[in-house]
Protein chains: 4
Amino acid sequence: MIIMKSEATKEEIANVVKEIKKLGLKADVSQGEFRTVIGLVGDERKVDFSHFATLPGVKEAIPVESPYKLISREYGRRFNEEMGRRQIRAGNVSIGGDELVIIAGPCTIESKSQLFRIAEEVKKAGAHILRGGIFKPRSSVHSFQGLGANGREEAEQALRWLYEAGQRFEMPVVTEVRAEAQIDLVASYADIMQIGARNMYNQDLLASVARTGKPVLFKRHFGAGVDEFLSFAEYMAAEGNKDIILCERGILPVGKGKNYTRYTFDLSAIPAIQKETYLPVIADPSHATGRQDLIFNMSCAAVAAGACGLMIETHYDPSEALVDGMQMITPEELKEVITACRKIHELVAYKHKVKVISG
Amino acid sequence: MIIMKSEATKEEIANVVKEIKKLGLKADVSQGEFRTVIGLVGDERKVDFSHFATLPGVKEAIPVESPYKLISREYGRRFNEEMGRRQIRAGNVSIGGDELVIIAGPCTIESKSQLFRIAEEVKKAGAHILRGGIFKPRSSVHSFQGLGANGREEAEQALRWLYEAGQRFEMPVVTEVRAEAQIDLVASYADIMQIGARNMYNQDLLASVARTGKPVLFKRHFGAGVDEFLSFAEYMAAEGNKDIILCERGILPVGKGKNYTRYTFDLSAIPAIQKETYLPVIADPSHATGRQDLIFNMSCAAVAAGACGLMIETHYDPSEALVDGMQMITPEELKEVITACRKIHELVAYKHKVKVISG
Amino acid sequence: MIIMKSEATKEEIANVVKEIKKLGLKADVSQGEFRTVIGLVGDERKVDFSHFATLPGVKEAIPVESPYKLISREYGRRFNEEMGRRQIRAGNVSIGGDELVIIAGPCTIESKSQLFRIAEEVKKAGAHILRGGIFKPRSSVHSFQGLGANGREEAEQALRWLYEAGQRFEMPVVTEVRAEAQIDLVASYADIMQIGARNMYNQDLLASVARTGKPVLFKRHFGAGVDEFLSFAEYMAAEGNKDIILCERGILPVGKGKNYTRYTFDLSAIPAIQKETYLPVIADPSHATGRQDLIFNMSCAAVAAGACGLMIETHYDPSEALVDGMQMITPEELKEVITACRKIHELVAYKHKVKVISG
Amino acid sequence: MIIMKSEATKEEIANVVKEIKKLGLKADVSQGEFRTVIGLVGDERKVDFSHFATLPGVKEAIPVESPYKLISREYGRRFNEEMGRRQIRAGNVSIGGDELVIIAGPCTIESKSQLFRIAEEVKKAGAHILRGGIFKPRSSVHSFQGLGANGREEAEQALRWLYEAGQRFEMPVVTEVRAEAQIDLVASYADIMQIGARNMYNQDLLASVARTGKPVLFKRHFGAGVDEFLSFAEYMAAEGNKDIILCERGILPVGKGKNYTRYTFDLSAIPAIQKETYLPVIADPSHATGRQDLIFNMSCAAVAAGACGLMIETHYDPSEALVDGMQMITPEELKEVITACRKIHELVAYKHKVKVISG
């Protein structure tokens with residue numbers, strides 16, 4: 001949609017039309033009382049709207065289509081693709097189906113015994129998937145960066161522990177991959193590859209991870225709007241991998257004074273995203289709030305908002321954890337969360353009942 | 001807490017101590033390896049920390065206490081006041097007690113028949129309190145500003161309709177008061193006085209409304225952090241009126257690209273606020289999301305997060321409404337929302353069971 | 001601009017057209033390959049776009065015109081009004097003309113001697129207008145609220161001091177009016193009425209202050225976008241008062257971690273605003289940064305960005321000030337700021353040379 | 001700084017002290033009237049404050065030291081390192097020294113002739129360093145991603161053009177490296193390696209680029225606070241490379257309504273950063289504003305704020321550019337910008353005169 005200035009000349013309008021045609025699109029000129037508006041007819045996703053905004057006589061150039069296509073509901077509808085919510089399989093678990101999926105485990109793997117004890121306890125509490133960080137993204141180079149920072153050997157050892165814990169307690173496993181050089185290693189042991197919030201904009205990593213063909217747990221950057229989040233998910237879909245689990249984990253807090261939470265948990269984004277795409281959406285209350293005393297409420301709220309899964313950091317003794325203890329709950333607390341969330345899921349699931357697509 | 005620069009001199013430290021004593025407080029000097037930190041002993045709420053930050057040798061001056069006192073849980077605990085959540089009565093309804101409270105009605109009162117029809121239908125759907133706007137705050141002077149803009153007589157007539165609808169359908173009524181000159185009029189007809197988000201920072205209006213002694217429904221500004229919100233509630237408590245119902249209604253969206261909701265519904269703020277104050281917290285999904293298709297999910301989510309009430313804009317035909325039709329639901333949809341929310345409220349209420357204070 | 005869903009039916013399109021015609025506007029239907037777009041022909045400022053967004057088949061409803069009219073450059077151009085930048089007179093000073101205007105003085109008036117000493121010194125340093133706070137907006141009810149908080153008599157005394165200092169040192173004076181009840185009093189003594197950032201959204205106060213006919217110094221709210229800021233200036237223009245001096249004073253900081261300034265000084269807004277409206281724009285580096293050590297640089301930057309004036313808090317001894325000492329500079333520092341800013345103003349002024357409108 | 005709850009027990013305080021000692025630090029307990037505060041004595045940068053916040057009885061755990069060390073002024077001062085601003089050499093140009101440095105060139109290299117024509121013209125206009133994008137980070141996978149997207153051969157050809165243009169017109173050259181796999185290639189041809197805003201959080205890329213030993217032009221992420229930005233610069237310094245040129249390029253806009261600029265150009269960050277670190281800071285008005293009509297003013301403003309260099313996108317015909325035409329200026333306009341900025345630089349440079357460190 002090209003909006004002309006009120007004083008735009010006929011020549012300027014003709015020029016815009018010419019530029020549109022150059023791109024293989026058609027122009028639809030609409031003459032108003034005050035100004036002329038020119039629509040683009042065709043696939044406008046390839047159009048650089050900032051180019052049109054520089055043409056003489058143009059006031060604004062606004063995209064009408066959303067910037068993603070392959071993962072959008074509208075695209076599906078238009079080209080007669082399958083509808084509903086995509087069901088993504090990882091081992092014996094299905095994300096995006098009828099059952100609420102719980103991903104739990106420590107923020108960071110510290111030792112084999114720590115991991116196995118937590119794995120056993122979260123399984124008993126009702127978790128379906130085991131998580132554990134090996135390559136940790138950290139704000140400060142002086143902080144503990146996970147066992148992955150101690151060289152390939154230790155990284156592989158930690159990955160093997162994760163794999164073995166998954167085998168022992170019958171849970172598929174997920175861990176973050178932070179750089180391209182780690183992809184092969186992580187893909188050998190993990191059932192689901194996690195891309196962290198800080199790497200959401202890393203298009204090269206996204207494409208490479210997608211090409212492994214493994215399901216990807218993809219976290220929203222704390223500075224990304226919903227359409228930007230989906231645009232980057234599209235980078236993976238463009239590689240042919242649509243097994244993408246979207247994860248809301250909090251956005252930048254805004255407001256004068258303090259907000260008492262680490263990020264703003266953007267729960268409205270969950271149903272808003274689900275109306276745009278068929279990819280399943282889960283939520284991470286641990287990182288979003290950064291407060292163990294809010295996990296119960298905010299897990300329930302995320303499920304009520306429509307999340308089809310939760311990722312919750314768990315530790316038998318949060319005050320012993322090397323990283324992020326403040327946001328971890330115990331397996332007992334996890335059980336209480338799961339019990340309440342399952343009931344809420346049953347209450348609200350009928351509202352977003354959709355035809356589920358087999359993975 | 002005054003943090004000195006690493007190169008601060010003894011004289012500079014002594015000077016800070018002197019300034020603290022001037023205010024009738026004691027100074028607690030703590031000499032570290034790299035720097036000196038000076039604690040303030042006494043009530044630091046009267047201290048202007050930016051003053052201390054200007055003193056020579058000072059690196060930072062950080063308040064440790066929260067900026068509100070009368071409404072804080074800690075204050076209550078310290079001075080042996082009552083604990084728990086304050087229960088506020090308006091007519092036959094109690095906000096902050098065991099039952100989830102639903103406030104519903106049109107965004108804007110347009111006519112007597114419109115109001116009465118909606119009042120009847122929301123009552124049937126299960127609402128407890130009737131809302132309806134008369135003095136509307138609007139971004140543009142060229143938009144419809146509510147019947148209150150047509151002079152005192154029409155304003156009073158609309159208020160009378162609201163009062164009568166409340167009487168007829170046995171619901172206390174709430175409406176926004178936007179300016180000091182409207183207080184007397186509104187207070188003659190409304191059971192609860194609403195202060196809108198845009199007026200949260202209007203300390204003179206807050207004090208004057210508080211002095212009416214009526215319960216106040218107080219909305220968070222979209223640019224206010226939680227502690228700023230509570231600081232301004234304190235302006236009303238300082239006038240002796242603690243019948244304040246806090247309302248989360250969305251904060252400024254942030255993020256590159258579009259978010260697909262009008263504001264960011266800051267649901268984590270609900271339990272976070274409830275841990276700071278004994279005042280009850282409700283939520284307004286209509287303004288927060290601006291989208292009728294998200295009201296069901298986000299109402300459920302707000303209750304799951306711990307809200308003890310909801311304010312939902314309702315209209316029998318949203319596409320006929322003069323203002324904000326996009327965010328209104330029908331009475332039938334309201335009923336569905338209430339049914340689900342009540343069940344969720346029962347599921348989670350035990351987690352924030354508190355001793356309720358009689359109003 | 002009404003953008004229809006790709007699956008919208010002919011009936012839905014016809015219905016939107018009908019609704020547009022109801023408002024006395026014309027509809028311009030543009031049929032694309034993928035979707036239909038309907039333009040509104042006529043003055044769309046009265047249109048509630050959220051109403052159209054609720055109609056069946058509508059995907060989005062986007063305003064094309066800016067929400068302000070009376071103060072916009074485009075409006076001027078269209079209806080053959082005067083162009084350029086409006087020059088606003090206050091006493092012997094002209095804001096918006098060729099000369100850079102400096103407003104200086106204490107944050108808060110504390111005593112007659114404090115005010116007179118500062119007035120004398122800022123005049124010598126080159127200031128044109130004297131400022132001094134009497135009714136102070138504060139985040140905490142427990143902080144010092146200015147002499148205006150001690151009753152009408154003390155408020156009037158402080159206003160009289162301000163008036164007398166202005167007379168003695170030949171400077172027009174400006175002070176903030178925070179509530180409608182203070183307008184008459186302030187208007188009796190001040191040459192320019194200031195509306196603070198926290199009151200930007202207070203449409204009733206704006207209209208009442210505008211009706212005094214005095215020039216208004218109007219500060220942008222820290223949570224307001226530029227078009228919202230201008231929309232509220234329009235409330236005053238709609239009362240017939242276009243003597244509005246716009247003031248950028250910092251917006252909410254955003255970003256993970258700390259920013260080291262109180263607000264984000266949005267300097268790009270200065271030329272952006274000046275391209276939208278003929279009203280003059282000034283800047284307040286004191287509140288924007290909250291740091292005395294940044295005032296020199298950020299004053300220079302504001303002038304380079306195109307500000308036609310600066311408001312700078314000044315005190316002979318910032319560490320003695322009761323409020324906001326951290327952001328005040330001394331008269332000697334002010335002189336240095338003025339000297340550098342005048343030279344920069346001369347360097348850049350030719351770029352925004354405009355026909356000046358006589359007040 | 002560990003702030004205890006007012007009701008914390010002696011045992012809880014003793015436990016915190018024990019935990020501090022475990023880390024090899026000393027605890028400095030300060031008993032106040034209302035609460036106890038415990039200072040950490042030693043290097044707190046390795047401390048995970050969220051761990052302390054989980055301990056019983058703790059209200060808050062606040063870091064006092066900034067999270068970066070190697071690049072901080074304070075660190076330099078404490079350990080008798082060199083002070084002032086670091087001067088970084090690239091070819092015949094010195095960034096951070098007395099002269100204002102101008103980096104100019106096209107957003108994206110499209111062809112050899114386009115690049116050479118622009119290079120010649122920006123050199124004549126007064127530019128010192130040539131820029132040109134080959135690996136372009138884009139929001140949409142459907143947009144043009146630069147010649148680097150067409151395989152290694154075309155990428156290398158474009159890099160060779162850039163190198164040759166630099167040789168011919170005697171300018172060192174800078175281009176963005178977006179992924180680890182591109183580092184070797186880019187390092188063979190570029191004098192300065194650029195890390196874009198979207199990759200600011202990519203710690204693995206940062207470390208690898210730093211290890212090339214080449215100067216790095218490091219852009220602030222649009223969602224990063226100043227201390228987070230510096231924390232990630234520290235990742236490169238930790239690899240032994242302190243030749244880091246920091247670049248402010250705009251942060252996320254915030255505010256109700258529209259802001260009329262692409263990002264918020266955070267100019268106060270420039271002097272604020274320069275007070276924290278000795279690394280030189282430059283500014284990018286092209287990306288920050290996204291508007292060619294604001295480049296003159298905002299370039300002047302950035303220099304007035306204290307930037308020691310500017311990066312400006314330039315094209316002989318912006319309406320022909322494939323990417324970001326809206327923000328590019330012509331070489332003639334560039335010359336005007338440079339002329340004004342040099343004069344402003346001379347006016348303000350004395351204020352931040354520092355001992356320059358040889359690279």
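Reader: Where in chain A is Glu170(A) placed, and what is its phi?

Author: In this predicted model, Glu170(A) lies in the loop between α5 (152-168) and β10 (173-176) of chain A. As a general idea, most residues other than glycine have a negative phi. Glu170(A), although a residue other than glycine, has a positive phi, near 55 degrees.

Reader: Is Glu170(A) buried or exposed, and what is the phi of Glu170(D)?

Author: Glu170(A) counts as exposed because it has 12 C-beta neighbours inside 10 Å, and a residue is called exposed if that number is 12 or fewer. In chain D, Glu170(D) is found in the loop between α5 (152-168) and β10 (173-176), where its phi is positive and near 55 degrees. Glu170(D) counts as exposed, with 12 C-beta neighbours inside 10 Å.

Reader: How should I read a sheet, and in what order do the four strands of the open sheet in chain D stand?

Author: Strands of a sheet pair through backbone hydrogen bonds, either parallel or antiparallel. In chain D the four strands of an open sheet follow the order β2-β3-β1-β4, with antiparallel pairing. Its edge strands are β2 (26-31) and β4 (58-61) of chain D, each of which pairs on one side only. On average, and with direction ignored, neighbouring strands of this sheet are turned by 20 degrees against each other.

Reader: Which helix packs on this sheet of chain D, and how many bridges join β1 and β4 of chain D?

Author: The helix that packs on the sheet is α1 (residues 10-22) of chain D, which touches β1, β2, β3 (36-41) and β4 of chain D and whose direction makes about 155 degrees with that of β2(D). Strand β1 (residues 2-4) of chain D pairs with β4(D) in the antiparallel sense over three bridges. In this part of chain D, Met4(D) stands opposite Val58(D), a residue of β4(D).

Reader: What does a parallel pairing look like, and which strand of chain B is joined to β15(B) in that sense?

Author: Strand β8 (residues 101-105) of chain B is joined to β15(B) by five bridges, and the two run parallel. Ile103(B) has Met311(B) as its bridge partner in β15(B). Strand β15 (residues 309-313) of chain B is mostly covered, since five of its five residues are buried. From β15(B), Gly309(B), Met311(B) and Glu313(B) point one way while Leu310(B) and Ile312(B) point the other way, and all are buried.

Reader: How do I read a nonpolar core, and which residues touch the most other members of the largest one?

Author: In soluble globular proteins, nonpolar side chains tend to be buried together. Here the largest nonpolar core has 431 residues, and those touching the most other members are Ala233(A), Ala233(B), Ala233(C) and Ala233(D). Leaving out residues up to four places away in sequence, Ala233(C) touches Tyr68(C), Ile71(C), Phe218(C), Ile244(C), Leu246(C) and Leu279(C).

Reader: Which residues does Ala305(C) touch, and is it buried or exposed?

Author: Ala305(C), found in helix α11 (residues 295-305) of chain C, is buried, because 32 other C-beta atoms lie within 10 Å. Not counting residues up to four places away in sequence, Ala305(C) touches Leu267(C), Ile270(C) and Pro271(C), along with Asn297(D), Met298(D) and Ala301(D). Although Ala305(C) and Leu267(C) are 38 residues apart along the chain, their C-alpha atoms are separated by 6.4 Å.

Reader: How many residues meet between chain B and chain A, and which helix of chain B gives the most?

Author: In this contact, 43 residues of chain B meet 43 residues of chain A. On the side of chain B that touches chain A, α11(B) gives the most, with seven residues. By class, this side of chain B has 23 nonpolar, 11 polar and nine charged residues.

Reader: How many residues does the contact of chain D with chain B take?

Author: That contact takes 21 residues from chain D and 21 residues from chain B. Elements including β2 and β3 of chain D each supply at least two residues of the side of chain D that touches chain B. The residues of that side divide into eight nonpolar, six polar and seven charged.

Definitions and conventions. Residues are numbered from 1 along each chain as its sequence is written. Chains are lettered from A and ligands numbered from 1 in the order in which they are written. This is a predicted model: local features need pLDDT of at least 70, side-chain atom pairs count only at pLDDT 80 or more; totals for chains, interfaces and linings use all residues. Two residues are in contact if their C-beta atoms, placed from the backbone, lie within 7 Å. Ala, Val, Leu, Ile, Met, Phe, Trp, Tyr, Cys and Pro count as nonpolar, Asp, Glu, Lys and Arg as charged, and the others, Gly among them, as polar. Two strands pair if DSSP finds at least two bridges between them. Axes are lines fitted to C-alpha atoms, for helices over the stretch in contact, and angles run from 0 to 180 degrees between N-to-C directions. A nonpolar core is a set of buried Ala, Val, Leu, Ile, Met, Phe, Trp, Tyr and Cys residues joined through C-beta atoms within 7 Å. A residue is buried if 20 or more other C-beta atoms lie within 10 Å of its own, exposed if 12 or fewer, and partly exposed in between; C-beta atoms are placed from the backbone.
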